[in-house]
Amino acid sequence: MSENEEDYLEGICEFPAIVNNKPSQVIIANPFMTIDDLIQSVFVKGEDGAVKEVQYGLPVDGKIVGFRKDLMAFQELETSFGDRGVLLSSPANPTTLMTVAEWTDKYGTDPFPLLFAGRVWWKNMGGGVQKVRQATAKEVTYLKLGRGGVTF
């Protein structure tokens with residue numbers, strides 16, 4: 001494998017270990033809802049270092065450091081669809097779907113903050129060719145899917 005091929009794979013395949021225990025798929029029973037509809041607000045750290053809560057919507061001034069779930073949206077899903085309102089794919093087997101309660105029992109975590117972060121990052125960054133410099137690596141160029149890039 002050439003050095004350029006290694007750089008290409010490094011940019012695509014490097015993820016923090018915690019990402020290995022996240023759902024790769026989310027199914028919301030209400031066809032009119034997306035993962036964005038489950039985000040009520042974001043906590044943003046401004047240039048002055050202060051953190052404030054703002055209504056969710058892009059673009060956001062400052063760095064997003066946290067999320068607040070829309071509990072009313074979750075309650076509506078639960079009222080209408082029971083515990084099957086939101087289903088998550090298991091990291092061990094993406095074809096196995098789990099309820100939020102099953103996820104929490106098995107992994108001991110709330111799956112939504114990481115899902116929210118991934119979704120907001122993807123929407124905010126858009127697609128196209130991205131250049132990144134890992135803390136321990138050379139600059140890596142790769143094609144990013146999404147707005148302005150390639151979508152399937």
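## Sheet and helices of a predicted protein chain

In this predicted model, strands β1, β5 and β6 form an open sheet of three strands in the order β1-β5-β6, with antiparallel pairing. The edges of the sheet are β1 (26–28) and β6 (97–99), each with a single partner strand, so one side of each is left without a neighbour in the sheet. On average, neighbouring strands of this sheet are turned by 30° against each other, direction ignored. Two strands count as paired if DSSP finds at least two bridges between them. β1 and β5 (residues 86–89) run antiparallel and are joined by three bridges. I27 stands opposite L87 in β5.

Helix α3 (residues 100–107) lies across β5 and β6 and runs at about 95° to β6. Axes here are lines fitted to C-alpha atoms, for helices over the stretch in contact, and angles run from 0 to 180 degrees between N-to-C directions.

| Element | Residues |
|---|---|
| β1 | 26–28 |
| β5 | 86–89 |
| β6 | 97–99 |
| α2 | 71–81 |
| α3 | 100–107 |

Helices (H or I, at least four residues) and strands (E, at least two) are DSSP runs, numbered from the N terminus. The protein chain has four helices and eight strands, and from the N terminus on their order is α-β-β-β-β-α-β-β-α-α-β-β.

Which residues of helix α2 are buried? They are A73, F74 and L77. These residues cover an arc of only 100° around the axis, which puts them on the same side of α2. The arc is that of the directions from the helix axis to the C-beta atoms. On the other side of α2, the exposed residues are L71, M72, Q75, E78 and T79. Buried means under 20% relative accessible area and exposed over 50% (1.4 Å probe, protein chains only).

At the start of α2, a side-chain oxygen of D70 reaches to within 3.1 Å of the backbone nitrogen of M72. After α2 comes G82, with a positive phi near 65°.

Of the 152 residues in the protein chain, 27% are buried. Among contacts (heavy atoms within 4.5 Å) with a separation of 6 or more, 46% are between residues 24 or more positions apart. The accessible surface of the protein chain is about 10,200 Å², and 54% of this belongs to carbon and sulfur atoms. Accessible areas come from the Shrake-Rupley method with a 1.4 Å probe.

Residues are numbered from 1 along each chain as its sequence is written, and side-chain values use heavy atoms, with hydrogens and water left out. Local features need pLDDT of at least 70 and side-chain atom pairs count only at pLDDT 80 or more, whereas totals for chains, interfaces and linings use all residues.

Methods: Polar contact = N/O pair within 3.5 Å; in protein donor to acceptor, adjacent residues only side chain to side chain.
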